[in-house]
Amino acid sequence: MPLTLKRRHGSPNWYLRGSVRGLVVDESTGTGDRKAAEEVRAVREAELLKRSVHGDSATRTFAEAALSYMETGGERAHLGPILKVIGKKPLAAIHQAEIEALAKKLKPQAAPSTLNRHIYTPVAAVLHHAARKLWCDKPVIARPKEPKGRIRWVTHEEADQLIEAAAPHLRPLVVFLFSTGARISEALYLDWRNVDLARAHVEFIDTKNGEARGVPLHPKAVAALSALPHRTGAVFRRSLPYVTASGVQHPLGDPYEERAGGGGQIKTAWAGMCKRAGITDFSPHDCRHTWATWHYRANRDLTALMELGGWKSAAMVMRYAHVNTSHLAGSISEIWGKSGELKAARAVKPK
């Protein structure tokens with residue numbers, strides 16, 4: 001039977017009662033005005049008819065799917081800007097071209113890795129959630145191709161040069177990054193409540209993969225943190241003004257504020273440090289690569305490295321083993337015979 005308007009005892013609003021092609025409705029129109037309620041009835045009836053013929057994907061919106069996704073524990077990061085652009089669009093309209101247009105609108109100059117992290121991954125997560133609820137078809141999304149991972153690391157001597165060249169407010173952070181392998185965001189959001197200097201231990205709560213992890217502190221890191229004048233709030237305070245090499249306070253202040261691209265105003269201080277140290281092509285994240293390279297060279301333990309660095313798989317840390325081959329030098333030296341001729345492979349006699 002079609003939808004009709006009914007009054008309910010004690011309520012000033014009109015209610016919708018009835019069914020459309022087997023879809024039963026008993027809900028408020030949200031208004032006590034008969035004319036407005038009639039408009040709600042007509043729109044709702046048309047919506048139900050469309051849904052009954054074409055399925056949920058014809059009427060379910062991306063915002064509805066995103067809300068359901070977040071209510072079941074889905075990652076909220078990066079969804080805000082996406083919802084502002086495509087939140088009202090039906091799921092059936094979210095296809096490859098739509099996602100590419102979204103990426104171009106929100107991140108026109110971003111690298112493939114940023115587009116994947118900020119656009120393609122959250123959109124795909126919501127669509128896969130909706131597909132599991134049979135609100136839409138399972139999505140097939142082609143993502144921007146990312147270049148092969150870059151590993152840039154420095155020697156202990158070069159690290160010391162960088163630390164020595166760092167501005168006073170930046171130096172403790174640099175020491176900490178080299179000593180713990182922390183991501184720059186993990187360091188900048190670190191609170192003193194998660195640091196135990198007596199035990200020489202730090203716990204990272206806000207991590208990229210969402211899982212907290214603990215890391216023992218190297219004596220250099222303990223010394224750097226112990227020298228900081230405060231013991232509450234953010235360890236690396238963002239309110240410290242940036243002072244240039246000439247002693248002039250930077251007008252922007254807030255040197256530790258993290259922005260897209262890896263560091264906001266920290267870029268200025270970081271660039272100055274690298275220039276003074278004579279080190280080129282070295283970013284804050286390269287401290288993490290350096291720490292991992294040092295750790296594997298010293299310990300040859302991929303499992304420990306994976307756990308301490310917060311990597312999800314052994315494949316992600318194998319690259320640090322691939323750049324550490326000095327321990328295999330002996331095997332290379334043995335491929336030549338004492339006479340200087342290449343050793344011939346021994347023939348295996350048949351039995």
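Me: How many bridges join strand S4 to S5, and what makes them a pair?
Reply: This is a predicted model. Strand S4, residues 195-196, is joined to S5 by 2 bridges. Pairing requires at least two bridges, so S4 and S5 count as paired, and they run antiparallel. In one of these bridges aspartate 196 has histidine 201 in S5 as its partner.

Me: What lies between S4 and S5?
Reply: The two strands form a hairpin with 4 residues between them. Alanine 200, in the turn, has a positive phi of about 55°.

Me: Which strand does S5 pair with through 4 bridges?
Reply: That is strand S6, residues 213-216, which runs antiparallel to S5. Valine 202 faces valine 215 of S6.

Me: Why are strands S1 and S3 said to stand at the edges?
Reply: The open sheet has 3 strands in the order S1-S2-S3, with antiparallel pairing. Strand S1 (4-7) and strand S3 (23-28) each have a single partner strand, so one side of each has no neighbour in the sheet. From one strand to the next, the twist averages 20°. Strand S2, residues 14-20, is joined to S3 by 6 bridges, and serine 19 stands opposite valine 24 in S3.

Me: How do you know that proline 172 is buried?
Reply: Its relative accessible area is 14%. Buried means under 20%, so proline 172 qualifies. Proline 172 is placed in helix H7. Leaving aside neighbours within four places in sequence, proline 172 is in contact with Ala224, Leu228 and Phe236. The C-alpha atoms of proline 172 and alanine 223 are 9.0 Å apart, although 51 residues separate the two along the chain.

Me: Which residues touch the most other members of the largest nonpolar core?
Reply: Phe176 and Phe178 do, in a core of 41 residues. Several elements each supply at least two residues of this core, including helix H6 (156-165), helix H7 (171-180) and strand S5 (201-204). Another core, of 23 residues, lies apart from it, and Leu79 and Tyr120 are among its members. In soluble globular proteins, nonpolar side chains tend to be buried together.

Me: What does phenylalanine 178 touch?
Reply: Not counting residues up to four places away in sequence, phenylalanine 178 touches Val154, Ala159, Leu162, Ile163, Phe282, Cys287, Thr290, Trp291 and Trp294.

Me: Why is the pair of phenylalanine 178 and phenylalanine 282 called stacked?
Reply: The structure holds 6 aromatic pairs. In the pair of phenylalanine 178 and phenylalanine 282, the ring centres are 6.1 Å apart and the planes are at 25°. The limits are within 6.5 Å for a pair and under 30 degrees for stacking, so these rings form a stacked pair. Both residues are buried. Phe178, Trp270, Phe282 and Trp294 form one aromatic cluster.

Me: What makes this pair a tie between parts of the chain?
Reply: Phenylalanine 178 is in helix H7 and phenylalanine 282 is in the loop between H10 and H11, so the pair ties together parts that are 104 residues apart in sequence.

Me: How do you know that the charged end of arginine 288 sits over the ring of tryptophan 311?
Reply: The charged end of arginine 288 is 4.0 Å from the ring centre of tryptophan 311.

Methods:
Residues are numbered from 1 along each chain as its sequence is written. This is a predicted model: local features need pLDDT of at least 70, side-chain atom pairs count only at pLDDT 80 or more; totals for chains, interfaces and linings use all residues. Side-chain values use heavy atoms; hydrogens and water are left out. Axes are lines fitted to C-alpha atoms, for helices over the stretch in contact, and angles run from 0 to 180 degrees between N-to-C directions. A nonpolar core is a set of buried Ala, Val, Leu, Ile, Met, Phe, Trp, Tyr and Cys residues joined through side-chain atoms within 4.5 Å. Buried means under 20% relative accessible area, exposed over 50%, partly exposed in between (1.4 Å probe, protein chains only). Contact means heavy atoms within 4.5 Å. Rings of Phe, Tyr and Trp (its six-membered ring) pair if their centres lie within 6.5 Å; planes under 30 degrees apart count as stacked, over 60 as edge-to-face and the rest as tilted. A charge sits over a ring if NZ of Lys or CZ of Arg is within 6 Å of the ring centre and within 35 degrees of the ring normal.
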